[in-house]
Amino acid sequence: MGRSRRLPKKLGWTFRLKAEATRVEGRAEATRFGGRAEAARFGGRAEAARTVEERSRSFRQTSTTGATSICCSSSAAYSSAAAADVNKDGYTDFFFGVADAPGVFALSDGQGRFKVVTAPPETRGALTAQFIDYDNDGLLDVLTTSTDGAHLIRNVGTGWMDVTEASNVSKLYYPAASVAWGDLDGDGDSDAVALLPYDEVHIWRNDGADRNRSVAVRLTGRVSNRSGIGSKIEIRAGSLRQRLETASTSPAVEPADAIFGLGARTEADVIRVLWPSGVLQAETDVAPPAGTRTVAITELNRKPSSCPFLFTWNGTRFEFVTDFMGGGEMGDYLAASVWNQPDPDEYVRIGPDQLRPRDGRYELRVTNELEEAIFVDRLQLVAVDHPADVAVFPNEGLKSPPRPVFHAIATRGAHPPLAAHDEHGHDVLAKVRALDRQYVDDFALARVRGYAAAHDLVLDVGPNARTLLLTGWTDYAWSSDNVAAGQAGMATTPPSLEVRDGSGAWRKVIEEIGFPVGRPQTVAVDLRGTFIGPSREVRIRTNMRIYWDRILVDSSDGAAPMRITRADPVRADLTWRGFSAEVSPDGREPIAYDYARVSFVSPWKALAGRYTREGDVRPLLRASDDMFVIARPGDEIALSFDVNAFPA
């Protein structure tokens, strides 16, 4: 670290100078200076709040690729900006510095418009600005710097007051290029670092805010980025409500540490975090450990969105069959400027023991239990009449377009493969013989959720193999995961099928075999015409987190009489039901759900918009006509089908 340029007589405001005007060579190091702190703590004398002029300028919001731009005046030369929820209405407010005039506060009215309030004249020509609660009273204040130094403007609830002189803000010898805030000394209040010209920094330590209590929130992401950057944090303590959003930018637009002033309150009642992944998490056990002011919150490892759930009456209870409609997701971000193309229809296999009549009807329930809005166009029950020794599967499995039209695949006497090995050469045949939650899972996971190292599954399907039946589930990536993967140079490789040629080398014969979107789902792979050598080994290769549970090979000729009957529901009622309890027989994923245990407390946000009114929705489900049932989280569509509509 280079030499200290200047050591001023006064050491800060409610802050004490830790190192001032220190030239940095290579890295910033603060020198702790001795001496007496002469700064007067704020609150030593009362000052009347300055009355500020209010003007009802209209702000213009323009949406471009999802961003919102706000303009105050087409003629003003804006020199800085700060953003935070100042008026505690849950929406972002702004301060704009003006080059040749006092700045302006733009306060949201919660309805997409802003009320403009002229800031005190000391904010004139603000080159930097940032909202902080410097005195931990629960109200966000603003610090600006300009060519005449730093100015601290205190939020007194009903207006703004210049407290620069009262707090003894040190003069800056050069205009600051940027100012960053954080708790440098871990005492529960915000300190400041100003970047000056000539590679100099000016560091103040806050010594005055400890008269009020505070709580700092430290985030650890599991699904989101590790530091939870981009999270929206909200606390409530009695009648006090505060909201901060974390960011990582240069110049800094938010304090580096999420510190919430509590005023005279002893602790927060609840801390709620909306993570970048979309997970909404509320914590009520938020008392900091003894001797600290920091609450550590680790992100819940759960997916807020996936698919609706299907339950069927099995003769004694409603049984969880699977989640479905995953291929119909809209707006899934796959890679840079690449979005998914939804698959609008899906056929779910309901096993013979999963559906039994009740009072002359087949009863099914479609529930929306995650953080999503579902759009349902048509629901039908399709019965396939076939010989008793035949098992029928739909040709499902999500893959890229063009996608095949629906057809039923008849199998007879399907059996496990002759051999099964993973990429390590491990024998995994015992894991794929039956549906027993014993998965082929010995592959390395990538650091991005949904991604893994490239891994293989080699199967000896034996002679006369016609159809491969792969049953499993997918721990898929979200849009944010795909963004992170793209930045890391990774790309999804859907499962492909390879066979050996005459020389024994592997050759890809099916680019995408499809992957399961249900928990579980069976993917049927047609092997006819795929072999190009004497070997009957096949290799499935992917870098997705796909967990195969059962693998069967059908060697029959596929010839079986089948009669397909479709029926529309005789009853379809939309109601708000709640959220089923999560269950797992072994404590591992995939999770199933208990229909009989329902919570009325929503763990999710509800997307803003209009939803279908409760009641009879049969007219909306009778045809594929773009007339949708739009269901919110917690909704259920109760379906009844007449038993007499199907073959006896």
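**Figure 1. S556 in the loop between β40 and β41.** S556 is found in the loop that runs between strands β40 (546-554) and β41 (563-567); helices (H or I, at least four residues) and strands (E, at least two) are DSSP runs, numbered from the N terminus. The model is predicted, so local features need pLDDT of at least 70 and side-chain atom pairs count only at pLDDT 80 or more, while totals for chains, interfaces and linings use all residues. Residues are numbered from 1 along each chain as its sequence is written, and side-chain values use heavy atoms, with hydrogens and water left out. S556 has a relative accessible area of 15% and is therefore buried (under 20% relative accessible area; exposed is over 50% and partly exposed lies in between, with a 1.4 Å probe and protein chains only). The side chains of S556 and D554 are joined by a polar contact of 2.9 Å. Such a contact is a pair of N or O atoms within 3.5 Å; within protein, one must be able to donate a hydrogen and the other to accept it, and residues adjacent in sequence count only if both atoms are side-chain atoms. The S556 side chain also reaches the backbone nitrogen of G558, at 3.4 Å. Leaving aside residues up to four places away in sequence, S556 touches A410, T411, R412 and R466, where contact means heavy atoms within 4.5 Å.

**Figure 2. R577 in the loop between β42 and β43.** The loop that holds R577 lies between β42 (571-576) and β43. With a relative accessible area of 9%, R577 is buried. Its side chain makes a polar contact of 3.4 Å with the side chain of E369. A polar atom of the R577 side chain also lies 2.6 Å from the backbone oxygen of Y595. Residues up to four places away in sequence not being counted, R577 touches T367, E369, Y595, V598, F600, G634, D635 and E636.

**Figure 3. I591 in the loop between β43 and β44.** I591 has its place in the loop between β43 (579-583) and β44 (592-599). The relative accessible area of I591 is 19%, so this residue is buried. I591 touches F320, R519, E582, V583 and S584, again without residues up to four places away in sequence.

Figure 4. Strand β23 (residues 309-313) pairs with β24 in the antiparallel sense over five bridges; two strands pair if DSSP finds at least two bridges between them. L310 stands opposite T322 of β24. Four residues lie between the strands of this hairpin, in which G315 takes a positive phi near 110°. Strand β24 (residues 318-323) is mostly covered, and six of its six residues are buried.

**Figure 5. The open sheet of β19, β16 and β22.** Three strands, in the order β19-β16-β22, form an open sheet with mixed pairing. Its edge strands, each pairing on one side only, are β19 (258-263) and β22. On average, neighbouring strands of this sheet are turned by 25° against each other, direction ignored; axes are lines fitted to C-alpha atoms, for helices over the stretch in contact, and angles run from 0 to 180 degrees between N-to-C directions. Strand β16 (residues 213-220) runs parallel to β22 and is joined to it by five bridges. A296 in β22 is the bridge partner of R218. Strand β22 (residues 294-298) has V295 and I297 on a covered face, with T294, A296 and T298 on an uncovered one.

**Figure 6. The open sheet from β33 to β37.** The order of the five strands in this open sheet is β33-β34-β39-β36-β37, and the pairing is antiparallel. At the edges are β33 (419-422) and β37 (506-510), each of which pairs on one side only. The twist from one strand to the next averages 30°. Strand β36 (residues 496-500) and β37 pair over four bridges in the antiparallel sense. In this pair, E498 stands opposite K508 of β37.

**Figure 7. The whole protein.** The secondary structure comprises two helices and 47 strands. Of its 648 residues, 48% count as buried. Among contacts with a separation of 6 or more, 65% are between residues 24 or more positions apart. The protein exposes about 30500 Å², of which carbon and sulfur atoms supply 50%; accessible areas come from the Shrake-Rupley method with a 1.4 Å probe, and for residues only the protein chains shown count as cover.
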